[in-house]
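User: Please take me through the helix packing and the sheet, giving for each term the criterion behind it.

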Amino acid sequence: MVFDINSSDKRHFLYTLSFFLFTFFPLLTVGYYLYDDMGRSMDGYFRWSNDGRIISDIIFKVLMLGGPIHDISPLPQILAIATMSVTPIFLSRTFPKLTTFQSVISSILLFSTPFYLGNMSYVYDALPMSVSILFSLIALLSISKNLNFISCICASIFLFLSLSTYQASFNVFIVLFIATILAENRFNIIRAVIGAMAMIISLVTYKLSILFYNIGDYQTPHSNMASLNNMASAIFDNIYSCYSYLIKILTYNSVYAFIFSAALLVFIVVIIRVRKWNYAGLSLMLIALMTLAVPGIQLILQSPVFSARTMMGVGAVFCGLSGVAFSSAKTNIENRVLSSFSIALICCFVVISYGQAAYLRNVKLHQQDYIGRIAYQINRLADEKGASSVSIIGHQTYPLSLNHSLETAGFLKSINPPPVFENGWWSFRTLQLYGLNPSLQIVKKKRAEICPLIRSGTSTDPLGYQILAKDNTVVLVFNGACPPR
């Protein structure tokens, strides 16, 4: 049976688990909170269902034994690693010609991109994001073994679960589904139709299901489909935005960009070389379709989010191409070349992963010092003036000395959210995390009444901020919030 566990599956799991534990160990010990991690750890809310991810809510309600979320890091990330380590078991069944080594390598490539560090850096979200990929792989396996109505329904169910856990993982299914068509010696129209039907059924079902969710203000504008009249231009704009973002990230590091491009080219050359001439053109078209499918369903959205955490399709392209290339290779030389470039790409990822942990650790230390000092000064002024509230104007900025200390990690800065937060609620929660008096409430003050009061009539300060009292409120004004007078 498809889901029987044998000794080969155990080796798949243990080899992959060992690699990911080694690779992500520094990241597990950082203890740095990204945006949503901060709110969940401090307020104990779930709210994934507000983003259309009801399965993520269920996962953590089970994990928290029905109670509110509390900080159990790095357990969710460890469970995410365990989930990721199951992928070669499903991949070896999807591409049955792969050896144990090749299945493990191809599965590791699925996650071994700098973009996936954006997923693994989340203390909480790392787990549902990896589970959603697993659902996509199960859906893929469902239509890889059998081409009938039952397999179509099974694939639709698991794709629906994937969408309800983390929508961007749907892109993984699209890319790897095209790879399974590429792996065959002839174009299988039945497989293509069943896969397309499964995707349509799951998307329609998911779209209907979220009508029952209380979708939040963030998700609503980013999940609306473009109108039919603007669909063509939206697809073109989204392709341009997606690949502009990818190119911008990759060009930060020329060595990684070279190995990335070389590995991609080697996979394609091996695949085309072993194809018959009458199938080579179709193979190139399918490969092009795989790369265009990186943004997946984001292509048809009116205002999609292109960030590191949504770029799962990039790893899927390498996973799919390596699976097809290893399955197609005819000689030992081809296998060695494929293995060499795959290992080189993976080694680069290990280095980048360790750099990511160091980067987040440095950001955390800077925040403890810089934001902790701001919180202390607000508390002191609030005590002196008897203030009961705080207002924040502008965006947090670091002094130049701190900014310069992070410039050496430009590549990592490009794939991470900014280490400072926007004005308002997130800044307020950041200050509370680093010592702000919890009795102080946040209120809004208009710039027009505050900007004339800042000292020296200037909009900048060596510290990066100014703090003053207005009525019963302590006001924090960041550099650049007020125009110079």
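Analyst: Angles under 35 degrees count as roughly parallel, over 145 as roughly antiparallel, 65 to 115 as roughly perpendicular and the rest as oblique. This is a predicted model, in which local features need pLDDT of at least 70 and side-chain atom pairs count only at pLDDT 80 or more, whereas totals for chains, interfaces and linings use all residues. Residues are numbered from 1 along each chain as its sequence is written, and side-chain values use heavy atoms, with hydrogens and water left out.

User: What makes the contact of α9 with α11, by residue class?

Analyst: Contact means heavy atoms within 4.5 Å, and among the residues that make it are A155, L159 and F160 of α9 and I194, M197 and Y206 of α11. The residues of this contact divide into 12 nonpolar, five polar and no charged, where Ala, Val, Leu, Ile, Met, Phe, Trp, Tyr, Cys and Pro count as nonpolar, Asp, Glu, Lys and Arg as charged, and the others, Gly among them, as polar.

User: Why are α14 and α17 given another description, roughly antiparallel?

Analyst: The axes of helix α14 (residues 254-273) and α17 cross at roughly 155° and come within 10 Å; the angle is over 145, and the two helices are therefore roughly antiparallel. The crossing of α14 and α17 is left-handed. Residues of α14 including F260, V266 and R273 meet residues of α17 including E334, F341 and L345, and the residues of the contact divide into 15 nonpolar, one polar and two charged.

User: How do you know which strands are at the edge of the sheet?

Analyst: Four strands form an open sheet in the order β2-β1-β4-β3, with mixed pairing, and two strands pair if DSSP finds at least two bridges between them. β2 (441-442) and β3 (465-470) are the edge strands, since each pairs on one side only. Strand β1 (residues 389-393) and strand β4 (residues 473-478) pair in the parallel sense over five bridges, with I393 partnered by V477 and I392 by L476. β3 and β4 run antiparallel and are joined by six bridges, one of which has Y465 partnered by F478. The hairpin of β3 and β4 has two residues between the strands, and there D471 takes a positive phi near 60°.

User: What makes β4 count as mostly covered?

Analyst: Six of the six residues of β4 are buried, and buried means under 20% relative accessible area, with exposed over 50% and partly exposed in between (1.4 Å probe, protein chains only). T473, V475 and V477 point one way from β4, V474, L476 and F478 point the other way, and all are buried. In a regular strand the side chains alternate between the two faces of the sheet. By the buried criterion, the share for the protein is 58% of the 485 residues.

How values were computed
Axes are lines fitted to C-alpha atoms, for helices over the stretch in contact, and angles run from 0 to 180 degrees between N-to-C directions. A crossing is left-handed if the near helix is turned anticlockwise from the far one by less than a right angle, and right-handed if clockwise.
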